[in-house]
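Good morning, and thank you for coming. Please keep the sequence and the structure in view while I speak.

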Amino acid sequence: MKRPPNRFVAAALFSVLLIAGCASPARRIEHAAARFGYRPLNLEGNGFRLAAFFKPGATGAGNSLHLYLEGDGTPWLSRRTISDDPTPRDPVMLRLMALDEGPALYLGRPCYYGHSADLGCSPALWTHRRYGPEVVDSLAHALRSFLSKNRFERLVLFGHSGGGALAVLLAPRFPETSAVVTLAGNLDIEAWTAHHGYSSLAGSLNPAEINAKGVIEYHYLGETDRIVPPSVFEPIAKRRPQAQVFVLPNFDHHCCWQEVWKGILQKTADLGSNSASAHAQ
């Protein structure tokens with residue numbers, strides 16, 4: 001019998017973790033994170049409580065922190081019904097972080113991961129204002145607090161889908177940022193809503209209007225992705241300063257990022273090595 005490809009094995013194992021039992025999406029993610037060996041954290045983010053998971057990384061892995069930002073999760077149950085829990089059901093970045101040997105922080109958004117009923121939370125923060133100033137400020141505050149207690153010289157931001165939008169929005173706020181990597185990233189919310197015929201994300205910041213000077217960007221798109229189609233987003237990505245764009249055959253919005261993740265991590269590691277060499281000369 002032929003051995004199934006790694007991507008199917010990984011997906012099957014992770015699916016077992018997520019569908020086991022009747023736990024909430026937040027609890028299922030906590031259980032999966034525990035299986036991966038992540039350390040759970042509760043970070044304060046400008047008045048919001050943010051769930052997070054930290055992995056210290058292998059010994060000698062370097063002094064660069066990798067920040068993982070998940071997609072938008074489940075803001076809507078249908079076009080007319082808002083979800084009461086936006087927590088992702090298929091957390092792509094949570095499992096990609098398991099392949100990372102360096103120090104890594106998985107940072108949740110305000111009102112996600114069991115916090116939708118917290119003070120200050122409302123459905124607007126995971127629907128129209130999902131990339132609003134209060135969301136970006138909260139993430140930035142929590143990350144800055146984490147960095148102040150943990151000495152990292154470099155920061156690499158990784159984001160999937162809407163997490164890619166937030167990575168772009170966060171990058172200018174952190175001079176430590178050396179690279180931004182997006183997977184199926186929503187790089188222009190106006191183009192995205194127009195393409196799908198959705199109502200505009202009123203109150204959200206548009207990553208298309210934000211650039212972090214001196215920060216390399218790697219944008220990966222799935223050839224068969226219908227949520228963030230390359231035909232719409234490849235031209236947008238190519239217009240960004242210091243951006244490199246890759247369209248991956250047979251990839252869609254969720255599959256099969258684990259197959260290329262080691263190579264992407266190596267690309268950002270090489271970037272740090274080249275920078276260090278330049279400073280040493």
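Helix 4 (residues 133-149) and helix 5 pack at an angle of about 70°, and their axes are 10 Å apart. Here axes are lines fitted to C-alpha atoms, for helices over the stretch in contact, and angles run from 0 to 180 degrees between N-to-C directions. Helix 4 is therefore roughly perpendicular to helix 5, a term for angles of 65 to 115 degrees. From helix 4, Val135, Val136, Leu139 and Ala140 make the contact, and from helix 5, Leu166, Leu169 and Leu170; contact means heavy atoms within 4.5 Å. Helices (H or I, at least four residues) and strands (E, at least two) are DSSP runs, numbered from the N terminus.

A word on the source. This is a predicted model, in which local features need pLDDT of at least 70 and side-chain atom pairs count only at pLDDT 80 or more, while totals for chains, interfaces and linings use all residues. Residues are numbered from 1 along each chain as its sequence is written, and side-chain values use heavy atoms, with hydrogens and water left out.

Let us consider some individual pairs. Strand 1 and strand 2 run antiparallel and are joined by seven bridges; Leu43 has Leu50 of strand 2 as its bridge partner. Two residues lie between these strands in their hairpin, where Asn46 takes a positive phi near 60°. Strand 2 also pairs with strand 4 (residues 104-107), in the antiparallel sense, over four bridges, and Phe54 stands opposite Leu105 of strand 4. Strand 5 (residues 154-160) and strand 6 (residues 177-183), by contrast, run parallel and are joined by six bridges, with Leu183 of strand 6 as the bridge partner of His160.

Is strand 2 mostly covered or uncovered? Strand 2 (residues 48-55) is mostly covered, since seven of its eight residues are buried. Buried means under 20% relative accessible area, exposed over 50%, and partly exposed in between, with a 1.4 Å probe and protein chains only.

Finally, helix 2 (residues 25-36) has 12 residues and reaches 17 Å from its first C-alpha to its last, close to the expected 16 Å; that expected span is 1.5 Å times one less than the number of residues. Its buried residues are Pro25, Ala26, Arg28, Ile29, Ala32 and Ala33. Seen down the axis of helix 2, they fall within an arc of 160°, so they line one face of the helix; the arc is that of the directions from the helix axis to the C-beta atoms. Ala34 and Arg35, on the other side of helix 2, are exposed. Ala33 has a relative accessible area of 0% and, leaving aside residues up to four places away in sequence, touches Tyr38, Phe53 and Leu94. Just after helix 2, Gly37 takes a positive phi of about 85°.

Conventions
Pairing = 2+ DSSP bridges. Parallel < 35°, antiparallel > 145°, perpendicular 65-115°, else oblique.
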